[in-house]
Amino acid sequence: MSGSYDDSVGVEVSSDSFWEVGNYKRTVKRIDDGHRLCNDLMNCIHERARIEKVYAQQLTEWAKRWKQLVEKGPQYGTVERAWCAFMSEAEKVSELHLEVKGSLMNEDFEKIKNWQKEAFHKQMMGGFKETKEAEDGFRKAQKPWAKKLKEVEAAKKAYYAACKEEKLAISRETNSKADPALNPEQLKKLQDKVERSKQDVLKTKEKYEKSLKELDNATPQYMENMEQVFEQCQQFEEKRLRFFREVLLEVQKHLDLSNVASYKNIYRELEQNIKTADAVEDLRWFRANQGPGMSMNWPQFEEWSADLNRTLSRREKKKASDGVTLTGINQTGDQVSQSNKHSSVSSYEKNQSYPTDWSDEESNNPFSSTDANGDTNPFDEDTSPAMEVRVRALYDYEGQEQDELSFKAGKFTAFS
């Protein structure tokens with residue numbers, strides 16, 4: 001340890017070494033840091049668990065909203081089912097992320113909490129038992145050596161002071177020889193001062209060297225005692241580091257859904273559902289249920305019947321509000337189902353906001369109809385407001401009474 005000082009200039013060399021007095025406190029502080037790091041890791045896991053929960057909730061809400069929009073929207077057939085498969089995927093993934101949240105809090109968080117409680121024991125006066133034991137161990141190991149180091153520093157200081165005084169005495173003696181005003185008695189005193197200062201230098205140097213030797217002799221024992229306490233701290237810290245590694249691996253397993261069989265199945269199923277989408281099949285279905293493939297009761301000759309020889313009373317005319325035609329179209333079960341789909345579309349289109357650069361309106365289509373159910377003849381003239389009723393006569397009829405109407409076969413007549 002004598003190398004810690006520069007005797008030539010008399011200045012103590014600053015050192016950040018563990019062996020310097022008091023520098024063991026960094027090792028002691030590491031114990032307190034270990035407790036704080038447990039809290040930090042628990043907070044970290046808790047925040048991630050909260051993120052998993054919020055994400056799961058957002059997936060569920062997203063799936064519910066878009067499932068309703070797609071089902072009520074104009075999309076149909078196998079592509080509709082493929083689209084809805086994304087919502088099913090979100091619901092299943094949401095459940096998995098809730099499981100992740102549960103694992104993080106119920107397993108990982110609690111595991112750290114319990115380990116921290118077992119590893120660190122709080123004292124009545126504050127602090128931890130483990131910290132105090134390390135502090136006391138280092139202080140006890142360092143106290144004898146620190147005492148001798150203090151003696152060395154005092155001896156060194158005295159030696160340096162004696163050297164400084166000797167140099168000053170010699171300088172005064174040298175200057176006095178050139179001064180003719182000094183008498184022999186005064187010169188003798190200066191010479192005696194130089195002699196005494198040289199003796200002081202020898203004495204202080206001897207004491208300094210002796211104290212330094214004693215310090216060097218005590219250093220091996222000092223190092224051994226300090227190493228022993230340090231190793232105890234190392235063992236305690238090793239337990240914490242190994243535990244943290246173990247917990248982090250558990251957290252990784254809980255977060256890594258790629259190794260979860262059910263997670264892989266979700267996307268395998270999603271891919272299969274998407275690949276089942278068949279444009280040709282959907283176009284065929286639409287042609288059969290909404291296009292030229294639909295059945296039609298074309299107008300045919302119908303024999304006159306007495307049941308048709310009646311007039312529409314004012315009360316019946318007021319009840320009619322949904323449109324009337326004397327030629328009917330019979331719909332099959334599939335057609336009724338798809339008609340209900342299009343009825344939902346009408347409501348969907350009113351509530352759904354599309355991007356400004358896209359529209360599903362077909363204003364230029366000469367065959368488009370305002371009736372989403374497809375019941376209106378696409379070649380009809382524009383209909384009047386909702387209370388107006390249009391009928392087409394199947395035969396000629398001349399009104400017999402004042403409140404009766406006359407009809408021409410094949411002609412349309414509007415009632416309001």
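Mentor: Gladly! The protein has 8 helices and 4 strands. Please keep in mind that this is a predicted model.

Trainee: In what order do the elements run from the N terminus on?

Mentor: The order is β-β-α-α-α-α-α-α-α-α-β-β.

Trainee: What share of the residues in the protein is buried?

Mentor: Of the 416 residues, 28% are buried. As for the surface, the protein exposes about 29,300 Å², and carbon and sulfur atoms supply 51% of that area.

Trainee: What makes alanine 409 partly exposed?

Mentor: Alanine 409 has a relative accessible area of 39%. Under 20% would be buried and over 50% exposed; 39% falls in between, so alanine 409 is partly exposed. Alanine 409 sits in the loop between strand 3 (389-392) and strand 4 (412-415).

Trainee: Which residues does alanine 409 touch, not counting those up to four places away in sequence?

Mentor: They are Ala393, Leu394, Tyr395 and Asp396. For alanine 393, 16 residues away along the chain, the C-alpha separation from alanine 409 is 4.9 Å.

Trainee: Where is alanine 218, and which residues does it touch beyond four places in sequence?

Mentor: Alanine 218 is in helix 4. Beyond four places in sequence, alanine 218 touches Trp145 and Lys148. Between alanine 218 and proline 144, the C-alpha distance is 8.1 Å, although they are 74 residues apart in sequence.

Trainee: How many residues are in the largest nonpolar core, and which have the most contacts inside it?

Mentor: The largest nonpolar core has 52 residues, and those with the most contacts inside it are Ile45, Ile112, Phe120, Phe138, Met226 and Val247. At least two residues of this core come from each of helix 1 (25-72), helix 2 (77-119), helix 3 (129-177) and helix 4 (184-255). Helix 4 gives the largest share, 13 residues.

Trainee: Which residues are in contact with phenylalanine 120, leaving aside its neighbours within four places in sequence?

Mentor: Phenylalanine 120 is in contact with Ile31, Gly34, His35, Cys38, Trp115, Phe128, Glu130 and Phe236.

Trainee: How many cavities of 30 Å³ or more does the structure hold?

Mentor: There are 2 of them, and the largest cavity has about 40 Å³ of space. Its lining is made by Ala85, Ser88, Glu89, Lys92, Ile266, Glu269, Leu270 and Asn273. Helix 2 and helix 5 (261-275) are the elements that give two or more residues to this lining.

Trainee: How do the lining residues of the largest cavity divide by class?

Mentor: The lining has 3 nonpolar, 2 polar and 3 charged residues.

Trainee: One last thing: what share of the contacts with a separation of 6 or more joins residues 24 or more positions apart?

Mentor: In this protein, that share is 77%.

Technical notes
Residues numbered from 1 in each chain as written. Predicted model: local features only at pLDDT ≥ 70, side-chain atom pairs only at ≥ 80, totals over all residues. Heavy atoms only, no water. Core = buried A, V, L, I, M, F, W, Y, C linked by side-chain atoms within 4.5 Å. Buried < 20%, exposed > 50% of the residue type's maximum accessible area, 1.4 Å probe, protein only. Contact = heavy atoms within 4.5 Å. 1 Å grid on protein atoms, 1.4 Å probe; cavity = no way out; pocket = protein on both sides within 12 Å on 5 of 7 lines; lining within 4 Å. Points joined across faces, edges and corners; volume = space filled by probe spheres on them. Nonpolar A, V, L, I, M, F, W, Y, C, P; charged D, E, K, R; others polar. Areas by Shrake-Rupley, 256 points an atom, 1.4 Å probe, with all protein chains shown as cover.
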